[in-house]
Amino acid sequence: MTHLIFLPLNSHLYFVVIIFVQSISIYNPKTKTKTKFEISIKIRKKMGEYCVTGGTGFIASYLVKTLLHNGHFVRTTVRNPEDESKVGFLREFNGAKERLKIFKADLMVEGSFDEAIQGVDGVYHTASPVLVPYDDNIKANLVDPCIKGTRNVLSSCAKANSVKRIVLTSSCSSIRYRYDVGEVSPLNESHWSDPEYCKNYNLWYAYAKTTAEKDAWKFAEETGKDLVVVNPSFVVGPLLAPQPTSTLFLILAIIKGERGEYPNTTVGFVHIDDVVGAHILAMENSKASGRLICSTDVAHWSQIIEMLRAKYPSYPFENK
């Protein structure tokens with residue numbers, strides 16, 4: 001028989017007490033009787049508490065679920081914790097009732113992450129817009145939340161002495177966009193996207209992620225905080241959240257033929273399970289450092305459409 005008990009030590013440290021109970025019987029030849037004994041063996045293991053920013057996001061929600069499954073105490077941030085239509089699914093994860101706290105925070109509000117981060121052992125900063133319409137509000141809707149939001153989260157980390165490591169979710173978009181890409185390929189973790197190239201070609205997501213990641217490395221150098229960065233490519237997999245993500249809207253638009261054309265480019269793909277595994281490794285493996293590219297197959301959008309068309313022939317896919 002095994003018992004698993006969580007004992008709080010203070011606001012952010014917990015011990016998991018695992019109790020193994022082994023029953024044995026000892027025979028007494030003189031009295032010809034058996035006496036039953038129960039031996040309890042207790043093993044104590046310290047469990048870390050982590051903060052995951054932007055908990056309703058694609059990667060973040062999987063991180064929250066996985067960390068809870070692994071026995072950790074988790075804090076996550078959302079813009080409106082009272083909106084059950086968006087955050088309710090987080091409370092349904094196994095272990096959420098006992099070990100999940102949801103905090104209100106806004107990427108554009110300085111200091112709003114202080115409460116969620118104060119006292120945790122590590123921070124996964126995943127919160128960031130991904131794709132928004134290319135309109136006059138691109139700076140307010142994508143660039144500022146990504147860059148200023150990262151600065152605000154890191155500022156809160158700097159105030160928290162408990163934070164031992166920060167894992168930042170960046171992107172392969174902060175690596176692949178540059179004028180000399182044909183000359184330096186294959187690309188690796190040492191390469192960076194050129195911000196001027198990104199601005200010239202209106203690659204605002206790549207520009208924002210590149211700038212935000214460079215700011216993060218500057219922060220780590222200045223503060224001495226331990227930073228590890230995960231750079232995933234296009235992340236695919238089933239959704240946990242009830243609302244579609246912006247990347248899913250992009251794929252749906254291509255499937256439904258609503259864009260007028262598909263992107264004339266190749267893209268790397270990676271499954272969400274691999275991305276979450278990379279984040280966990282980046283946080284928990286003491287040898288993890290630097291940037292970690294997380295990507296598998298690369299395909300042109302025309303190839304992707306043909307694969308999808310073969311499985312779902314009834315949809316009016318983009319043809320050009």
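# Loops, cores and helix pairs

Reader: Where is Asn-202?

Author: Asn-202 is in the loop between H7 and H8. Helices (H or I, at least four residues) and strands (E, at least two) are DSSP runs, numbered from the N terminus.

Reader: What kind of model is this?

Author: This is a predicted model, where local features need pLDDT of at least 70, side-chain atom pairs count only at pLDDT 80 or more, and totals for chains, interfaces and linings use all residues. Residues are numbered from 1 along each chain as its sequence is written, and side-chain values use heavy atoms, with hydrogens and water left out.

Reader: Back to Asn-202. What is its phi?

Author: Asn-202 has a positive phi of about 55°, although it is not a glycine. Most residues other than glycine have a negative phi, and most peptide bonds are trans.

Reader: How accessible is Asn-202?

Author: Asn-202 has a relative accessible area of 44%, so it counts as partly exposed. Buried means under 20%, exposed over 50%, and partly exposed in between (1.4 Å probe, protein chains only).

Reader: Ser-185 to Pro-186: cis or trans?

Author: That peptide bond is cis, with omega near 0°. Pro-186 belongs to the loop between H6 and H7.

Reader: And Ser-193, where does that sit?

Author: Ser-193 is in the loop between helix H6 (181-184) and helix H7 (195-200).

Reader: Is Ser-193 buried or exposed?

Author: Ser-193 has 2% relative accessibility, so it counts as buried.

Reader: What else does Ser-193 touch?

Author: Not counting residues up to four places away in sequence, its contacts include Ile-175, Arg-176, Tyr-177, Cys-198 and Thr-210. Contact means heavy atoms within 4.5 Å.

Reader: New topic. How many residues are in the largest nonpolar core?

Author: The largest nonpolar core has 34 residues, of which Val-52, Leu-100 and Tyr-124 touch the most other members. A nonpolar core is a set of buried Ala, Val, Leu, Ile, Met, Phe, Trp, Tyr and Cys residues joined through side-chain atoms within 4.5 Å.

Reader: Which elements give two or more residues to this core?

Author: Among them are strand E4 (49-52), helix H1 (58-69), strand E6 (100-104) and helix H10 (272-284). H1 gives the most, with eight residues.

Reader: What does Leu-100 contact?

Author: Beyond its neighbours within four places in sequence, Leu-100 contacts Val-64, Leu-68, Val-74, Thr-76, Leu-90 and Gly-95. There is also a second, separate core of 22 residues, including Phe-103, Ala-105, Phe-113 and Leu-168.

Reader: Helices now. At what angle do H9 and H11 cross?

Author: The axes of helix H9 (residues 246-255) and helix H11 (residues 301-311) cross at roughly 70° and come within 11 Å. Axes are lines fitted to C-alpha atoms, for helices over the stretch in contact, and angles run from 0 to 180 degrees between N-to-C directions. H9 and H11 are therefore roughly perpendicular. Angles under 35 degrees count as roughly parallel, over 145 as roughly antiparallel, 65 to 115 as roughly perpendicular and the rest as oblique.

Reader: Which residues meet there?

Author: Leu-250, Ile-251, Ile-254 and Ile-255 of H9 meet Trp-301, Ile-305 and Leu-308 of H11. The buried residues of H9 pack against strand E10 (234-236) as well as H11.
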